[in-house]
Amino acid sequence: MKNTIVTLISFVLCSSLSAQSFKTKNVVIVTLDGLRWQELYRGADSALINSKYTEDKPNVQKDYWSESLTDRRKMLFPFIWSAIAEKGQLYGNRDLGNKSEVANTYKLSYPGYNELFTGATDAHINSNAPRFNPNVNLLEYINKQPGFENKVAVFASWERFPQIFNVKRSGLMVNAGYMDVNIPGMNNHLKYLNDLQQKSPHYMGDSTRLDFLTYEFAKQYLLQYQPRVLYLAFDETDEMAHSGYYKFYLDRAHQEDTFIKELWEYLQNNPAYKDNTTLIITCDHGRGDVNLASWRDHGIFIAPHSEQTWFAVIGPDTQPMGEMKSGGIIYQKQIAQTIANLLGLDFKAAAGHEIGEAINSVTTKTLINASTK
(Lines give C-alpha, C1' and ligand atoms only; values in the text may rest on other atoms or scores of the structure.)
Protein backbone atom coordinates (compact mmCIF):
# COMPACT_ATOMS: atom_id res chain seq x y z
CA MET A 1 0.00 0.00 0.00
CA LYS A 2 2.84 2.39 0.92
CA ASN A 3 4.53 1.67 -2.39
CA THR A 4 1.28 2.47 -4.20
CA ILE A 5 0.95 5.78 -2.34
CA VAL A 6 4.59 6.70 -3.03
CA THR A 7 4.14 5.85 -6.70
CA LEU A 8 0.99 7.94 -6.90
CA ILE A 9 2.64 10.92 -5.20
CA SER A 10 5.63 10.64 -7.50
CA PHE A 11 3.36 10.56 -10.54
CA VAL A 12 1.47 13.67 -9.37
CA LEU A 13 4.71 15.53 -8.62
CA CYS A 14 6.26 14.60 -11.95
CA SER A 15 3.09 15.58 -13.80
CA SER A 16 2.97 18.92 -11.99
CA LEU A 17 6.65 19.53 -12.60
CA SER A 18 6.29 18.70 -16.28
CA ALA A 19 3.41 21.14 -16.67
CA GLN A 20 5.24 23.90 -14.77
CA SER A 21 8.39 23.43 -16.81
CA PHE A 22 6.84 24.69 -20.02
CA LYS A 23 8.00 28.13 -21.06
CA THR A 24 5.01 28.75 -23.34
CA LYS A 25 2.76 31.49 -21.98
CA ASN A 26 1.11 32.48 -25.25
CA VAL A 27 0.01 30.61 -28.37
CA VAL A 28 -0.64 31.85 -31.91
CA ILE A 29 -2.49 29.49 -34.27
CA VAL A 30 -2.69 30.03 -38.04
CA THR A 31 -4.66 27.90 -40.49
CA LEU A 32 -4.34 27.90 -44.28
CA ASP A 33 -7.67 26.55 -45.45
CA GLY A 34 -7.39 23.53 -47.72
CA LEU A 35 -3.67 23.81 -48.41
CA ARG A 36 -2.31 20.44 -49.57
CA TRP A 37 0.66 18.76 -47.96
CA GLN A 38 2.02 18.23 -51.46
CA GLU A 39 2.71 21.94 -52.01
CA LEU A 40 4.15 22.36 -48.53
CA TYR A 41 6.62 19.49 -48.86
CA ARG A 42 7.14 19.25 -52.62
CA GLY A 43 6.61 22.83 -53.69
CA ALA A 44 4.69 23.79 -56.82
CA ASP A 45 3.30 20.87 -58.83
CA SER A 46 4.72 20.79 -62.37
CA ALA A 47 1.70 18.90 -63.71
CA LEU A 48 -0.63 21.62 -62.46
CA ILE A 49 1.67 24.43 -63.63
CA ASN A 50 1.52 22.97 -67.14
CA SER A 51 -2.22 22.29 -67.05
CA LYS A 52 -5.27 24.32 -68.00
CA TYR A 53 -5.50 25.46 -64.37
CA THR A 54 -2.49 27.77 -64.69
CA GLU A 55 -2.44 30.97 -66.67
CA ASP A 56 0.79 32.90 -67.28
CA LYS A 57 2.88 29.75 -67.05
CA PRO A 58 6.27 31.49 -67.67
CA ASN A 59 5.90 33.76 -64.63
CA VAL A 60 4.62 30.95 -62.43
CA GLN A 61 7.65 28.87 -63.39
CA LYS A 62 9.95 31.82 -62.70
CA ASP A 63 8.41 32.47 -59.28
CA TYR A 64 7.83 28.94 -58.04
CA TRP A 65 9.58 26.28 -60.11
CA SER A 66 12.98 24.64 -59.69
CA GLU A 67 14.18 21.15 -60.49
CA SER A 68 15.41 21.01 -56.89
CA LEU A 69 12.66 20.02 -54.44
CA THR A 70 14.49 21.82 -51.63
CA ASP A 71 14.69 25.06 -53.60
CA ARG A 72 11.18 24.70 -54.98
CA ARG A 73 9.38 24.46 -51.65
CA LYS A 74 11.49 27.30 -50.22
CA MET A 75 10.47 29.51 -53.14
CA LEU A 76 6.84 28.96 -52.16
CA PHE A 77 7.24 29.01 -48.36
CA PRO A 78 10.51 30.83 -47.55
CA PHE A 79 9.67 31.40 -43.88
CA ILE A 80 8.46 27.89 -43.14
CA TRP A 81 11.51 26.38 -44.86
CA SER A 82 13.95 28.60 -43.03
CA ALA A 83 12.81 29.51 -39.52
CA ILE A 84 10.49 26.60 -38.78
CA ALA A 85 12.53 23.94 -40.60
CA GLU A 86 15.59 25.04 -38.65
CA LYS A 87 14.08 25.74 -35.22
CA GLY A 88 10.77 23.91 -35.14
CA GLN A 89 9.00 20.78 -36.33
CA LEU A 90 7.03 19.89 -39.47
CA TYR A 91 4.56 17.00 -39.58
CA GLY A 92 2.76 15.27 -42.44
CA ASN A 93 5.41 14.67 -45.11
CA ARG A 94 4.09 11.39 -46.42
CA ASP A 95 7.15 11.02 -48.68
CA LEU A 96 9.09 10.43 -45.44
CA GLY A 97 6.44 8.15 -43.96
CA ASN A 98 5.17 10.79 -41.52
CA LYS A 99 1.38 11.00 -41.78
CA SER A 100 -1.09 13.60 -40.55
CA GLU A 101 -4.83 13.35 -41.19
CA VAL A 102 -8.25 14.52 -40.15
CA ALA A 103 -10.13 11.86 -38.21
CA ASN A 104 -13.57 13.11 -39.22
CA THR A 105 -15.36 11.31 -42.02
CA TYR A 106 -16.41 14.29 -44.11
CA LYS A 107 -13.14 16.12 -44.92
CA LEU A 108 -14.89 19.48 -45.15
CA SER A 109 -14.07 22.79 -43.47
CA TYR A 110 -16.61 22.96 -40.64
CA PRO A 111 -16.02 19.33 -39.57
CA GLY A 112 -12.26 19.99 -39.84
CA TYR A 113 -12.28 23.11 -37.66
CA ASN A 114 -14.59 21.40 -35.17
CA GLU A 115 -12.11 18.53 -34.90
CA LEU A 116 -9.13 20.86 -34.63
CA PHE A 117 -10.56 22.95 -31.81
CA THR A 118 -12.74 20.49 -29.90
CA GLY A 119 -10.22 17.64 -30.01
CA ALA A 120 -12.90 15.25 -31.24
CA THR A 121 -15.02 14.37 -34.24
CA ASP A 122 -18.78 14.75 -34.35
CA ALA A 123 -20.84 12.73 -36.84
CA HIS A 124 -23.60 15.34 -36.64
CA ILE A 125 -21.32 18.05 -38.01
CA ASN A 126 -21.27 16.79 -41.56
CA SER A 127 -21.47 19.93 -43.70
CA ASN A 128 -20.59 23.63 -43.79
CA ALA A 129 -24.13 24.67 -42.89
CA PRO A 130 -24.38 27.72 -40.56
CA ARG A 131 -25.45 25.89 -37.41
CA PHE A 132 -24.10 26.80 -33.98
CA ASN A 133 -21.67 24.21 -32.73
CA PRO A 134 -22.95 22.32 -29.66
CA ASN A 135 -19.41 21.21 -28.74
CA VAL A 136 -17.22 23.11 -26.29
CA ASN A 137 -14.03 24.23 -28.04
CA LEU A 138 -10.51 24.70 -26.78
CA LEU A 139 -10.47 28.50 -27.10
CA GLU A 140 -13.71 28.75 -25.15
CA TYR A 141 -12.17 26.58 -22.44
CA ILE A 142 -8.93 28.60 -22.32
CA ASN A 143 -10.83 31.90 -22.18
CA LYS A 144 -12.38 30.80 -18.87
CA GLN A 145 -9.11 29.87 -17.19
CA PRO A 146 -7.45 32.23 -14.67
CA GLY A 147 -5.12 34.64 -16.42
CA PHE A 148 -6.69 34.07 -19.84
CA GLU A 149 -10.03 35.83 -19.39
CA ASN A 150 -10.69 38.10 -22.40
CA LYS A 151 -7.18 37.31 -23.66
CA VAL A 152 -8.32 35.01 -26.48
CA ALA A 153 -9.21 36.33 -29.94
CA VAL A 154 -10.12 34.95 -33.37
CA PHE A 155 -9.78 36.67 -36.74
CA ALA A 156 -11.04 34.71 -39.72
CA SER A 157 -11.70 35.31 -43.41
CA TRP A 158 -14.50 32.73 -43.65
CA GLU A 159 -17.79 33.95 -42.23
CA ARG A 160 -18.65 30.60 -40.59
CA PHE A 161 -16.46 30.96 -37.51
CA PRO A 162 -19.04 32.63 -35.21
CA GLN A 163 -21.01 29.39 -35.56
CA ILE A 164 -17.97 27.11 -35.31
CA PHE A 165 -16.95 28.76 -32.03
CA ASN A 166 -20.60 29.28 -30.99
CA VAL A 167 -20.19 32.88 -29.87
CA LYS A 168 -23.69 32.86 -28.37
CA ARG A 169 -22.50 30.36 -25.76
CA SER A 170 -18.73 30.85 -25.66
CA GLY A 171 -18.60 34.63 -25.53
CA LEU A 172 -15.35 34.53 -27.51
CA MET A 173 -14.07 37.56 -29.39
CA VAL A 174 -14.56 36.30 -32.98
CA ASN A 175 -14.22 38.63 -35.96
CA ALA A 176 -14.99 36.85 -39.24
CA GLY A 177 -16.01 37.65 -42.77
CA TYR A 178 -16.75 41.35 -43.21
CA MET A 179 -17.76 41.93 -39.61
CA ASP A 180 -16.55 45.24 -38.17
CA VAL A 181 -14.50 45.22 -35.01
CA ASN A 182 -16.39 47.08 -32.30
CA ILE A 183 -14.43 47.31 -29.06
CA PRO A 184 -14.60 50.26 -26.65
CA GLY A 185 -11.34 52.21 -26.76
CA MET A 186 -9.99 50.60 -29.90
CA ASN A 187 -7.37 52.56 -31.82
CA ASN A 188 -7.73 54.46 -35.08
CA HIS A 189 -6.02 51.69 -37.05
CA LEU A 190 -8.85 49.27 -36.28
CA LYS A 191 -11.44 51.94 -37.08
CA TYR A 192 -9.73 52.58 -40.41
CA LEU A 193 -9.74 48.86 -41.24
CA ASN A 194 -13.48 48.74 -40.55
CA ASP A 195 -13.95 51.43 -43.18
CA LEU A 196 -11.45 49.92 -45.61
CA GLN A 197 -12.99 46.45 -45.64
CA GLN A 198 -16.42 47.79 -46.49
CA LYS A 199 -14.91 49.56 -49.52
CA SER A 200 -12.82 46.61 -50.66
CA PRO A 201 -13.92 44.21 -53.43
CA HIS A 202 -15.89 41.19 -52.23
CA TYR A 203 -14.75 38.93 -55.01
CA MET A 204 -15.11 35.73 -52.95
CA GLY A 205 -18.78 36.42 -52.41
CA ASP A 206 -20.60 38.74 -50.09
CA SER A 207 -19.36 37.21 -46.86
CA THR A 208 -15.80 35.80 -47.12
CA ARG A 209 -13.11 38.42 -46.48
CA LEU A 210 -9.79 38.91 -48.23
CA ASP A 211 -6.94 37.39 -46.24
CA PHE A 212 -4.84 40.55 -46.16
CA LEU A 213 -7.66 42.32 -44.30
CA THR A 214 -7.96 39.47 -41.81
CA TYR A 215 -4.22 39.66 -41.23
CA GLU A 216 -4.23 43.44 -40.75
CA PHE A 217 -7.11 43.24 -38.27
CA ALA A 218 -5.33 40.54 -36.29
CA LYS A 219 -2.03 42.42 -36.32
CA GLN A 220 -3.56 45.66 -35.10
CA TYR A 221 -5.51 43.83 -32.41
CA LEU A 222 -2.31 42.11 -31.31
CA LEU A 223 -0.48 45.44 -31.08
CA GLN A 224 -3.17 47.09 -28.96
CA TYR A 225 -4.58 44.31 -26.79
CA GLN A 226 -1.77 41.73 -26.55
CA PRO A 227 -3.91 38.56 -26.34
CA ARG A 228 -2.41 35.40 -24.89
CA VAL A 229 -4.08 33.18 -27.50
CA LEU A 230 -4.61 34.46 -31.02
CA TYR A 231 -6.08 32.50 -33.92
CA LEU A 232 -5.84 33.62 -37.57
CA ALA A 233 -7.86 31.65 -40.12
CA PHE A 234 -6.93 32.37 -43.73
CA ASP A 235 -9.20 31.17 -46.51
CA GLU A 236 -8.01 32.18 -49.97
CA THR A 237 -5.98 29.05 -50.70
CA ASP A 238 -9.19 27.04 -50.56
CA GLU A 239 -11.15 29.60 -52.58
CA MET A 240 -8.54 29.73 -55.34
CA ALA A 241 -8.33 25.94 -55.53
CA HIS A 242 -12.10 25.52 -55.80
CA SER A 243 -12.09 28.11 -58.56
CA GLY A 244 -9.37 26.22 -60.43
CA TYR A 245 -6.76 28.99 -60.36
CA TYR A 246 -3.48 27.27 -59.54
CA LYS A 247 -1.39 30.43 -59.96
CA PHE A 248 -3.52 32.32 -57.43
CA TYR A 249 -3.54 29.30 -55.12
CA LEU A 250 0.28 29.45 -55.09
CA ASP A 251 0.30 33.25 -54.78
CA ARG A 252 -2.00 33.21 -51.77
CA ALA A 253 -0.01 30.45 -50.07
CA HIS A 254 3.18 32.46 -50.60
CA GLN A 255 1.52 35.63 -49.31
CA GLU A 256 0.30 33.87 -46.18
CA ASP A 257 3.83 32.62 -45.52
CA THR A 258 4.90 36.29 -45.61
CA PHE A 259 2.16 37.24 -43.14
CA ILE A 260 3.29 34.49 -40.78
CA LYS A 261 6.91 35.66 -41.06
CA GLU A 262 5.96 39.23 -40.16
CA LEU A 263 3.85 37.98 -37.26
CA TRP A 264 6.63 35.81 -35.86
CA GLU A 265 9.20 38.59 -36.16
CA TYR A 266 6.92 40.90 -34.20
CA LEU A 267 6.42 38.28 -31.50
CA GLN A 268 10.15 37.71 -31.18
CA ASN A 269 10.84 41.44 -30.87
CA ASN A 270 8.18 42.16 -28.27
CA PRO A 271 9.17 41.51 -24.63
CA ALA A 272 5.63 40.29 -23.84
CA TYR A 273 5.96 37.44 -26.38
CA LYS A 274 9.65 36.85 -27.00
CA ASP A 275 10.80 33.33 -26.08
CA ASN A 276 7.49 32.45 -24.42
CA THR A 277 5.20 32.05 -27.44
CA THR A 278 4.47 28.94 -29.49
CA LEU A 279 3.30 29.27 -33.09
CA ILE A 280 1.25 26.47 -34.68
CA ILE A 281 0.39 26.43 -38.39
CA THR A 282 -1.94 23.88 -39.93
CA CYS A 283 -5.03 23.34 -42.13
CA ASP A 284 -8.59 22.05 -41.87
CA HIS A 285 -8.41 19.34 -44.56
CA GLY A 286 -6.40 18.30 -47.59
CA ARG A 287 -7.34 18.09 -51.26
CA GLY A 288 -7.61 15.43 -53.90
CA ASP A 289 -4.50 14.18 -55.70
CA VAL A 290 -5.65 11.30 -57.90
CA ASN A 291 -5.86 13.31 -61.11
CA LEU A 292 -5.39 16.89 -62.28
CA ALA A 293 -9.00 17.83 -61.64
CA SER A 294 -9.29 16.45 -58.10
CA TRP A 295 -6.89 19.00 -56.52
CA ARG A 296 -9.70 21.55 -56.81
CA ASP A 297 -11.94 19.72 -54.36
CA HIS A 298 -12.15 17.83 -51.09
CA GLY A 299 -14.69 15.74 -49.25
CA ILE A 300 -15.62 12.13 -48.65
CA PHE A 301 -17.58 11.67 -51.88
CA ILE A 302 -15.54 13.98 -54.11
CA ALA A 303 -11.76 13.82 -53.70
CA PRO A 304 -9.81 10.76 -52.52
CA HIS A 305 -7.00 11.50 -50.06
CA SER A 306 -8.43 14.84 -48.95
CA GLU A 307 -8.10 13.63 -45.36
CA GLN A 308 -4.33 14.15 -45.65
CA THR A 309 -3.11 17.17 -43.69
CA TRP A 310 0.02 18.67 -42.12
CA PHE A 311 1.08 20.99 -39.35
CA ALA A 312 4.11 22.95 -38.21
CA VAL A 313 5.17 24.21 -34.79
CA ILE A 314 7.88 26.45 -33.38
CA GLY A 315 8.30 27.65 -29.82
CA PRO A 316 10.39 27.55 -26.64
CA ASP A 317 9.23 24.05 -25.65
CA THR A 318 9.63 22.38 -29.04
CA GLN A 319 12.87 20.65 -29.94
CA PRO A 320 14.26 21.83 -33.33
CA MET A 321 13.86 18.61 -35.31
CA GLY A 322 12.73 20.00 -38.67
CA GLU A 323 10.87 17.48 -40.82
CA MET A 324 9.58 14.62 -38.70
CA LYS A 325 10.55 11.29 -40.21
CA SER A 326 8.99 8.83 -37.79
CA GLY A 327 6.32 6.47 -39.09
CA GLY A 328 2.79 6.20 -37.80
CA ILE A 329 0.00 8.73 -37.96
CA ILE A 330 -1.24 11.73 -36.00
CA TYR A 331 -4.64 13.36 -36.25
CA GLN A 332 -5.84 16.95 -36.23
CA LYS A 333 -7.92 16.18 -33.15
CA GLN A 334 -4.68 15.82 -31.16
CA ILE A 335 -3.65 19.43 -31.67
CA ALA A 336 -6.19 20.85 -29.18
CA GLN A 337 -4.79 18.97 -26.20
CA THR A 338 -1.26 19.71 -27.41
CA ILE A 339 -2.00 23.44 -27.25
CA ALA A 340 -3.67 23.09 -23.86
CA ASN A 341 -0.69 21.20 -22.42
CA LEU A 342 1.75 23.82 -23.69
CA LEU A 343 -0.19 26.37 -21.64
CA GLY A 344 -0.16 24.12 -18.59
CA LEU A 345 -3.81 23.13 -19.02
CA ASP A 346 -5.70 19.87 -19.40
CA PHE A 347 -8.55 20.38 -21.87
CA LYS A 348 -11.76 18.69 -20.79
CA ALA A 349 -14.85 18.32 -22.94
CA ALA A 350 -18.42 17.28 -22.33
CA ALA A 351 -19.22 13.67 -21.54
CA GLY A 352 -19.18 11.43 -24.55
CA HIS A 353 -16.48 13.37 -26.39
CA GLU A 354 -13.11 11.78 -25.94
CA ILE A 355 -10.33 14.33 -26.51
CA GLY A 356 -7.43 13.34 -28.73
CA GLU A 357 -4.18 12.78 -26.84
CA ALA A 358 -1.50 15.47 -27.00
CA ILE A 359 1.33 14.99 -29.50
CA ASN A 360 4.18 14.31 -27.11
CA SER A 361 6.95 14.86 -29.64
CA VAL A 362 6.04 18.57 -29.73
CA THR A 363 7.32 18.85 -26.14
CA THR A 364 9.55 15.78 -25.77
CA LYS A 365 12.67 17.73 -24.86
CA THR A 366 10.97 19.61 -22.04
CA LEU A 367 9.33 16.50 -20.63
CA ILE A 368 12.65 14.65 -20.58
CA ASN A 369 14.36 17.55 -18.84
CA ALA A 370 11.55 17.87 -16.30
CA SER A 371 11.66 14.20 -15.40
CA THR A 372 15.39 14.31 -14.68
CA LYS A 373 15.44 17.38 -12.42
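Leaving aside its neighbours within four places in sequence, Ala 358 is in contact (heavy atoms within 4.5 Å) with Gln 334, Gln 337, Thr 338 and Asn 341. The model is predicted, and local features need pLDDT of at least 70, side-chain atom pairs count only at pLDDT 80 or more, while totals for chains, interfaces and linings use all residues. Residues are numbered from 1 along each chain as its sequence is written, and side-chain values use heavy atoms, with hydrogens and water left out.

**Two buried loop positions**

- Ala 358 sits in the loop between helix 15 (335–342) and helix 16 (364–371), where helices (H or I, at least four residues) and strands (E, at least two) are DSSP runs numbered from the N terminus.
- Ala 358 is buried, with a relative accessible area of 15%; buried means under 20% relative accessible area, exposed over 50% and partly exposed in between, computed with a 1.4 Å probe on protein chains only.
- Although 20 residues separate Ala 358 and Thr 338 in sequence, their C-alpha atoms are 4.3 Å apart in space.
- Thr 318 belongs to the loop between strand 8 (311–314) and strand 9, and Thr 318 is buried, with a relative accessible area of 6%.
- A polar atom of the Thr 318 side chain lies 3.1 Å from the backbone oxygen of Val 362.
- Val 362 is also one of the residues in contact with Thr 318 when neighbours within four places in sequence are left aside, the others being Lys 87, Gln 89 and Val 313.

**The sheet and its pairing**

- Eight strands form an open sheet in the order 5-4-6-1-7-8-2-9, with mixed pairing; two strands pair if DSSP finds at least two bridges between them.
- The edge strands are strand 5 (173–176) and strand 9, each of which pairs on one side only.
- Helix 15 packs on the sheet, touching strand 1, strand 7 and strand 8, and its direction makes about 170 degrees with that of strand 7; axes are lines fitted to C-alpha atoms, for helices over the stretch in contact, and angles run from 0 to 180 degrees between N-to-C directions.
- Strand 1 (residues 26–32) runs parallel to strand 7 (residues 277–282), to which six bridges join strand 1, and the bridge partner of Thr 31 in strand 7 is Thr 282.
- Strand 1 also pairs with strand 6 (residues 229–234) in the parallel sense over six bridges; in strand 6, Ala 233 stands opposite Thr 31 and Tyr 231 stands opposite Ile 29.
- Strand 6 in turn pairs with strand 4 (residues 152–156) over five bridges in the parallel sense, and Ala 156 stands opposite Ala 233 of strand 6.
- Strand 2 (residues 89–91) and strand 8, by contrast, run antiparallel and are joined by three bridges, with Tyr 91 opposite Phe 311 of strand 8.

**Burial of the strands**

- In a regular strand the side chains alternate between the two faces of the sheet.
- Seven of the seven residues of strand 1 are buried, with Asn 26, Val 28, Val 30 and Leu 32 on one side and Val 27, Ile 29 and Thr 31 on the other.
- Strand 6 is likewise mostly covered, six of its six residues being buried, with Val 229, Tyr 231 and Ala 233 on one side and Leu 230, Leu 232 and Phe 234 on the other.

**Nonpolar cores**

- Val 30 and Ile 281 touch the most other members of the largest nonpolar core, which has 55 residues; such a core is a set of buried Ala, Val, Leu, Ile, Met, Phe, Trp, Tyr and Cys residues joined through side-chain atoms within 4.5 Å.
- Helix 14 gives the most to this core, with nine residues.
- Not counting residues up to four places away in sequence, Ile 281 touches Val 30, Leu 32, Ile 80, Ile 84, Ile 260, Trp 310, Phe 311 and Ala 312.
- Apart from this core lies another of 42 residues, among them Ile 29, Tyr 113, Ile 125 and Ala 233.

**Helix 5**

- Arg 72, Arg 73 and Leu 76 are buried in helix 5 (residues 69–76).
- These residues cover an arc of only 90 degrees around the axis, which puts them on the same side of helix 5; the arc is that of the directions from the helix axis to the C-beta atoms.
- The buried residues of helix 5 pack against helix 2 (37–42), helix 4 (57–64), helix 6 (80–87), helix 14 (246–268) and strand 9 (322–323).

Key. A polar contact is a pair of N or O atoms within 3.5 Å; within protein, one must be able to donate a hydrogen and the other to accept it, and residues adjacent in sequence count only if both atoms are side-chain atoms.
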